[in-house]
Amino acid sequence: MKVTVVKNVLDANDRIAAENRELFDRHKIYVINLMSSPGAGKTSLVERTIVALRDNYRIAVIEGDIQDTYDADRIAKLDIPVVQINTGGGCHIDGNMIREALPAFDLSKIDFLIVENVGNLVCPAEFKIGENVKIMLLSTPEGADKPSKYPLMFQESSALLINKIDLMPYVDFDLEKAKRDSLALHKDLKIFEVSCKTAAGLDEWIAWLTRRIDAFKK
Amino acid sequence: MHELYLAESILNIIQDYAKRDGFKKVNSVMLSYGRFSCMEPKALQFAFEVQAAGTAAEGAVLEFKIMPAVIHCFSCEKDLEIKTHTGICPGCGGGEVMLTAGTEELQILEMDVD
C-alpha cells in the first residue's frame, strides 16, 4: 500500500524556528545567523560588530561550538550577555538548541542577537533557527572554489563577507571568480570585502546591518 | 553528520503516519532532494537503518529522487542542467549565469507500507 506524504523532513525544526521567530518579533529582536568554515573569522567579526554597534543597540550573543567555551569567553570579555551552546559533536545549531538557550537571557533587554553557528559550510545552511537573515563569511585562504563546492549556504545567505582581504597578496584567491560564482547562486547576495584584522571594509558592513536593524525595529 | 538528525526526523514523520493510518511495516520510503542540497544518500540510509531498528521502519529501503540542478544563462538565454556549479555556462561559455533549481530540501514523497 502506498501512502502519500509530501512533507519536508525538517518540518519539525521549521516549526520550532517559527516559534522562536514569534518570540523574537514580540521582543523586537533582530537576529543574525552567522555561518562559515572553521577559522574564517566569525568570532573576530562578532567582536568587531559588537564594538561598532554596542552604543546603539543592546546586543547578545549565542556561540555554537562542538565543545569548549573559548569563543564565549572572548565575547564575555566585552561585557556582553553570551550563552555557549555545545553541540557535543553535532555539526550545526538547530531551532531547538536556540529555544533551550533563550531562557538564559532577559529578552526584554536585547535589540540585536548574534548567533555564531558551528564552523561548517554544509549543515548550518539547512536548519532554520528563527533568524532574520543568514550571513556567511568566506576567508581568502580557503579559496575561491567554495561557492561551487558548497552552493546551498551561498544561496541561503543574504550577505557574504569575504574576510582576510588583507591576505590577498599572499594567497591565490580569485576574488572575481568568488564574487561571480556567489552571485550566480544568489543574484541579490550583498558582498562585502573586509578584514577583521585591519578593519578594512567593515564600515560598509556595519552601515548595511544598521539599516536592516533599524528598518526591522520601526 | 546532519544525516543522523535527518534520519531521526524521517522516523518521527513515519511514526506520526503509522499512528494515523495504523500500518505495521514500512517497506520503502521515497524521498526527494536537489542535487546541490548537500545530501549524502548512503550516509542517510546508514543513519536511518541504525535508528529504525525495533520500529515499524526497520529494514525499510530509502529511495531517492534527485532533482536536477539547472542554470539559466543570460548570454545564450538557455536553461541547462549541470552536474557541478562553476559559474560558467556549459553551453556557450558565458559567465553570467544563475542557479534556478537544485537546492530543494529533503522531502518525503511517499511510503510503501503493509
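Residues are numbered from 1 along each chain as its sequence is written, while chains are lettered from A and ligands numbered from 1 in the order in which they are written. For this predicted model, local features need pLDDT of at least 70 and side-chain atom pairs count only at pLDDT 80 or more, whereas totals for chains, interfaces and linings use all residues. Helices (H or I, at least four residues) and strands (E, at least two) are DSSP runs, numbered from the N terminus.

**The sheet of chain A**

Chain A has an open sheet of seven strands in the order 4-3-5-2-6-7-8, with parallel pairing; two strands pair if DSSP finds at least two bridges between them. Its edge strands are strand 4 (82-86) and strand 8 (190-193), each of which pairs on one side only. Direction ignored, neighbouring strands of this sheet are turned by 20 degrees against each other on average; such angles are taken between axes, which are lines fitted to C-alpha atoms (for helices over the stretch in contact), and run from 0 to 180 degrees between N-to-C directions.

| Strand pair | Bridges | Sense |
|---|---|---|
| Strand 3 (residues 59-65) and strand 4 of chain A | five bridges | parallel |
| Strand 6 and strand 7 of chain A | five bridges | parallel |
| Strand 7 and strand 8 of chain A | four bridges | parallel |

Strand 7 of chain A is mostly covered, since four of its five residues are buried; a residue is buried if 20 or more other C-beta atoms lie within 10 Å of its own, exposed if 12 or fewer, and partly exposed in between, with C-beta atoms placed from the backbone.

Helix 8 (residues 202-217) of chain A lies across strand 2 (30-35), strand 5 (112-116), strand 6 (133-139), strand 7 (159-163) and strand 8 of chain A, and runs at about 145 degrees to strand 2 of chain A. Trp205(A) is found in this helix and is buried, with 21 other C-beta atoms within 10 Å. Not counting residues up to four places away in sequence, Trp205(A) touches Leu161(A), Phe192(A) and Val194(A), where two residues are in contact if their C-beta atoms, placed from the backbone, lie within 7 Å.

**Two residues with positive phi**

Most residues other than glycine have a negative phi. Lys28(A), although not a glycine, has a positive phi of about 55 degrees; Lys28(A) has its place in the loop between helix 1 (11-26) and strand 2 of chain A and is partly exposed, with 15 other C-beta atoms within 10 Å. Asp68(A), also not a glycine, has a positive phi of about 80 degrees; Asp68(A) lies in the loop between strand 3 and helix 3 (70-76) of chain A and is exposed, with 11 other C-beta atoms within 10 Å.

**The contact between the chains**

The contact takes 26 residues from chain A and 31 residues from chain B. On the side of chain A that touches chain B, strand 1 (2-8), helix 6 (151-156) and helix 7 (175-185) each supply at least two residues, and strand 1 of chain A gives the most, with seven residues. By class, this side of chain A divides into 14 nonpolar, five polar and seven charged residues; Ala, Val, Leu, Ile, Met, Phe, Trp, Tyr, Cys and Pro count as nonpolar, Asp, Glu, Lys and Arg as charged, and the others, Gly among them, as polar. Strand 1 of chain A runs antiparallel to strand 6 (residues 107-113) of chain B and is joined to that strand by five bridges, with Ile108(B) as the bridge partner of Lys7(A).

**Chain B**

An open sheet of three strands in chain B has the order 4-3-5, with antiparallel pairing. Strand 4 (79-82) and strand 5 (97-101) of chain B stand at the edges, each with a single partner strand, so one side of each is left without a neighbour in the sheet. The twist averages 35 degrees from one strand to the next.

The axes of helix 1 (residues 2-21) and helix 2 (residues 41-52) of chain B come within 8 Å and cross at roughly 55 degrees.
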